[in-house]
Every structure is written in structure tokens, then in C-alpha cells.
Amino acid sequence: MDADVPGTVLKRERTRDAVLELIESRSPGDAIPSERALCALLGVSRPTVRAAVDELVAAGLLVREHGRGMFVAPAKITQELVAGDRALGVPQAAGAWSSRLLEFTTLQAGARVGRKLRMSPAAEIVYVARLRLVDGAPMAIEHLHIRAELVPGLSAQELESGDLYEHLRATHGVHVHEAVQAIEPTVVTRAEAGLLDVPELSPALLFERLTSDTTGRPVEYVHSLYRGDRYRIVSRLALGPAAEVAPELEGHHPGIPPGDFAHGDAITSSTRGDIQAGG
């Protein structure tokens, strides 16, 4: 379709909004009308409908299944960033989150991780790779680097069940207090695509987090890859004094493991690309 034809952009936008309204009126897994039916319903051409549908599929709001039709995609997991006393609000995550251990070993920190954790490159860390799942579906790949001296006897069970920060506090006496987290867009490699069950080069979000304890000592460096079609970031900006005190946070978001953070300690989050949230 010629984008220079007057009204084309507006028609495409209105078609997208109409399909989006159909999606929002249904539940995840529900079918929506076929492209041909949408053409008749909306009174637009097949290319206009297809362009709108393609955009919504790429955004992770619709799923095409060959031979079956189009369906509302699973709801996205939302991480909310807020400015104020709590730099990062962590809403309760939907679905049942679980972990599958991919790798678990002790090794030397090396130069890069050693710098981040402020320790000798020859000092030992516990390296963990785990696949995070929601209701059994893969959502993220996490790579954790933890000071080995802080977690003697850390077990695979602690890494696969419950929340890690709670295990650190209750079992190892490590009280995490603050985390600085950066977020940037990326794409998945072939190996990552296989684990996440998405096509190679699919969009993803890369999280890097450095967590410190109550003394300011770095405890953990993590980089995680979250599916771009199932995960989104929402920023809430305080533009003036609050009229009322924000309610206590409950639950957790798997992007930020629960633990001391869930009990009111500070988290600082920044998004690369000169977008800052919190502080």
C-alpha cells in the first residue's frame, strides 16, 4: 500500500486500534476474527488489515497459529518503575514462576565480574544459569554471579524453588539492600532462542543488576534476558508532591527477586539510552 496516499496512515492507525480493541475485549488464548472477516467488519482492504495484524503480532499482542487462526497472546508481565521514596515499584507477578537450573558451578571471578563485585579476579564466585518459566512457559534466561564466600553450601534446591533473596537472608545471613539495574533492548541468539522457544533474533530485554547488602558490599551481579514479546516496562513519574502515602508493596516481580526489597529497602533502576528512572 502506498504510504503517500492521503489518509493511508490514519486508516492504518484506526484499523490497528480497532483490532487492538478486539484483543482487549477478549482473554488470552481467545480467537479473533480472520483477516478476511476483519476486512468486512472494518470496511478496509486486506493489506491494511494485514499490516495492522503484523504489527500486533510483532508487539506480542497476537499469536498466529498456522491452520488455526489468530489468538490473543498471553498477557505481558509488567515491571513498573516509579520515582519517589521507592525508586522501583515491584508489582506482584501474574502466573506461577519457577526455575530450571541450566548450570551451577564455582569458578574464579575473572576481570570483568571481579570489577563489578569489587573482588580479586582470582577470588571464587558461584555462577548460576537458570531458565525462568511462567506457568511452564519459558520467560527469561538468568546468569547469576554471587560471591562464593557469602553462600557456602548454596544448593540447587535454593536456586530452583522459593525466592533466592529469601534464601540468602534466612540460610546464609546475607541481607540485600540496594540494587542498581540497567535495561536495554537486544535480540536473542540461536542458542537463547532455543531455550526461550522464540525465533532467532527475536526482540528481547537485557537486564543487568548489581545487588549490594546493608553494608554496601556487592553481593551479586546478574544479567538476564527477557522475552520482548512477553515483558514490558512501565514508568510512573512523580511530577509533584503526593497527596497520600503509597501503599505497602506486596508480592514480587521475577525480574527483581523478592527478599529484602519486598520489605521496603531501596532499589535504583536506570534504563540505558539517557532514560533514567528512580535515583
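The model is predicted, so local features need pLDDT of at least 70 and side-chain atom pairs count only at pLDDT 80 or more, while totals for chains, interfaces and linings use all residues. Residues are numbered from 1 along each chain as its sequence is written, and side-chain values use heavy atoms, with hydrogens and water left out. The chain has 7 helices and 13 strands, taken as DSSP runs numbered from the N terminus (helices H or I, at least four residues; strands E, at least two).

**Chain totals**

- Of the 279 residues of the chain, 42% count as buried, where buried means under 20% relative accessible area, exposed over 50% and partly exposed in between (1.4 Å probe, protein chains only).
- Among contacts in the chain with a separation of 6 or more, 62% are between residues 24 or more positions apart; contact means heavy atoms within 4.5 Å.

**Helix 1 and helix 2**

- Helix 1 (residues 8-24) packs with helix 2 (residues 35-42) at an angle of about 115°, and their axes are 12 Å apart.
- That angle makes helix 1 roughly perpendicular to helix 2; the classes are roughly parallel under 35 degrees, roughly antiparallel over 145, roughly perpendicular from 65 to 115, and oblique for the rest.
- Axes are lines fitted to C-alpha atoms, for helices over the stretch in contact, and angles run from 0 to 180 degrees between N-to-C directions.
- On the helix 1 side, Thr15, Ala18, Val19 and Leu22 meet Leu38, Leu41 and Leu42 of helix 2.
- The residues of this contact comprise 6 nonpolar, 1 polar and no charged, with Ala, Val, Leu, Ile, Met, Phe, Trp, Tyr, Cys and Pro counted as nonpolar, Asp, Glu, Lys and Arg as charged, and the others, Gly among them, as polar.

**Aromatic rings**

- The structure holds 3 aromatic pairs; rings of Phe, Tyr and Trp (its six-membered ring) pair if their centres lie within 6.5 Å, and planes under 30 degrees apart count as stacked, over 60 as edge-to-face and the rest as tilted.
- Phe207 and Tyr231 form an edge-to-face pair, because their ring centres are 5.3 Å apart and their planes are at 90°.
- This pair links distant parts of the chain, with Phe207 in strand 9 (residues 203-213) and Tyr231 in strand 11 (residues 231-236), 24 residues apart.
- The pair of Tyr226 and Tyr231 is tilted, since the ring centres lie 4.5 Å apart with planes at 45°.
- Ring pairs join Phe207, Tyr226 and Tyr231 into a cluster.
- Phe207 is buried at 1% relative accessibility, Tyr231 is buried at 2%, and Tyr226 is buried at 0% relative accessible area.
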